[in-house]
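These are my notebook entries on one chain.

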Amino acid sequence: MEGGDIGEQSSKEAKIDLIMKRKEEHIQICLDDPVQAKNAKTLFGDVKLINNSLPEIDFEDIDTSTTFLGKKFSAPFMVGAMTGGAETAKKINANIATAVEELGLGMALGSQRAALYDPVLEDTYTIARKNAPGAFIGANIGGAQISKGMKIEDIRRLVDMVKADALYVHLNPAQEIVQPEGEPKYKNVLEGIRAIVKSVDTPVVAKEVGFGLSPGVVKQLEHAGVKAVETAGMGGTSYAAVEWYRAKAMKMEDKVDLGNLLWDWGIPTAASLYMINLHSKIPVVASGGLRTGLDVAKAIAMGSSMTAMALPVLRPATKSPEDVKSFIEKIIRELKSVMFLLGAKNIDELKRVPHFFVGELAQWKEYADKNV
Ligand SMILES: Cc1cc2nc3c(=O)[nH]c(=O)nc-3n(C[C@H](O)[C@H](O)[C@H](O)COP(=O)(O)O)c2cc1C
């Protein structure tokens, strides 16, 4: 019995070390190496907006404020889920939180699995709520953990830990299959999400991690009771790429090959957005490769309620809250500039601006209009 306890204890510690090490590696790889899609694109380049030479508004009168899941945002922008559970992560979360609090925006945290294993790591997440008492904060857990039968009281703990405004569930089968120590087990995830929705008061948001949600999956999630979805489509950060670097360092040739094969796997963000928005009744967050305020404007014009960026915020977040703020302010300035050129004085008007698709996105539209 005692021996068993010791064994359990050391395997728990080994697990924590592994999770922390992996988190540090993810951050380092994302900072040092090219981790974005190689040849694939978000297809926002195929979305065409129409210049308005008589906008009949003054730039200074443009109002970007909006509401997402009952919370007011000064603009339809938040920092996407990234991190927690490691020392570097604490600083990153602290800087992002300070910036979004001052800007009236929001952020999602990275997977909180680490904090469940070791409460010592909790402050790498709780620092976000400490620095952002009023901002929207998303708690986060993975589909793979839900498949394993995570307890509802543990889920509640994650939410309470950061007084979360929403609970993000990330769906990442493509990452799990490439990750050297990945757990490609996805049975009963939908059932698990349904149970969480029923037992947790906080709204549940389902997201991808850069491979794009399909309209069929969104329909299932919507029926399960999730309150919003985040596309996290292909064209930006590729988690097949991130895990490829780790597999290479570990000399795991089969995973290296798989990472290479799936580097550009997924649904381009703009295609995912178009297909989801055809029928979705819940708010959609556009993310995955959004890099400018023009991308944000296009995503809103296509019907999104919110947008998120992850990778572009990572480097500034390793420096200071001011660096994060100045990056986000630039994006919002760009968004406002595009709204000025479209004659859209607020987000509702931006949602109604005329637009059309060319190239590959037009082909996705043709496919979706027939089949979705
Ligand atoms: C360093 C890093 C860590 C991430 N960790 C998580 C995570 O723990 N949970 C999650 O849901 N998504 C995670 N993501 C995925 C992002 O939330 C986002 O979906 C993806 O990076 C695509 O957006 P981007 O192209 O703007 O980076 C992470 C992304 C990065 C760059």
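Entry 1, a helix. I looked up burial in helix α13 and found Gly 293, Asp 295, Val 296, Ala 297, Lys 298, Ala 299, Ile 300 and Ala 301 buried. The helix is thus mostly covered, with eight of its nine residues buried. I note that this is a predicted model. Following α13 I found Gly 303, which has a positive phi near 105 degrees.

I checked how strand β10, residues 284-287, meets β11, and found parallel pairing over three bridges. Within this pairing, Ala 286 has Thr 307 of β11 as its bridge partner. I then followed the chain from β10 through α13, residues 293-301, to β11, and recorded a right-handed β-α-β crossover.

Which residues of β11 are buried on each side? In this strand, residues 306-309, I found Met 306 and Ala 308 buried on one side, and Thr 307 and Met 309 buried on the other.

Val 79 is bridged to Met 107 of β5.

I examined strand β8, residues 204-207, and found both faces covered. Val 204 and Ala 206 are buried on one side of β8, and Val 205 and Lys 207 are buried on the other. Strand β7, residues 166-170, pairs with β8 in the parallel sense over four bridges. In that pairing I recorded Val 205 of β8 as the bridge partner of Tyr 168.

I then turned to strand β9, residues 228-230, and found parallel pairing with β8 over three bridges. Ala 206 has Val 229 of β9 as its bridge partner.

In what order do the eight strands close into a barrel? I read the order as β4-β5-β6-β7-β8-β9-β10-β11, with parallel pairing.

I looked up the largest nonpolar core and found 123 residues in it. Ile 96, Met 107 and Val 229 have the most contacts inside this core. I listed the residues that Val 229 touches, leaving out those up to four places away in sequence. Among them are Val 205, Ala 206 and Lys 207, the three being residues of β8 that I had already found buried. The list for Val 229 also includes Leu 213, Val 218, Leu 221, Ile 276, Ile 282 and Val 284.

I counted 17 helices and twelve strands in the secondary structure. The radius of gyration is 20 Å, close to the 21 Å that the globule rule gives for 372 residues, so I recorded the chain as being as compact as a globular protein of that length. Along the principal axes, the C-alpha atoms fill a box of roughly 80 × 40 × 40 Å. Of the 372 residues, 51% count as buried. Lastly, I took the contacts between residues at least 6 apart in sequence, and 79% of these join residues at least 24 apart.

Technical notes:
Residues numbered from 1 in each chain as written. Predicted model: local features only at pLDDT ≥ 70, side-chain atom pairs only at ≥ 80, totals over all residues. Buried ≥ 20, exposed ≤ 12 C-beta atoms within 10 Å, placed from the backbone. Helix = DSSP H or I, 4+ residues; strand = E, 2+ residues; numbered from the N terminus. Pairing = 2+ DSSP bridges. Right-handed = clockwise from strand over helix to strand, strands pointing away. Rg over C-alpha atoms; globule rule 2.2 N^0.38 Å. Contact = placed C-beta atoms within 7 Å. Core = buried A, V, L, I, M, F, W, Y, C linked by C-beta atoms within 7 Å.
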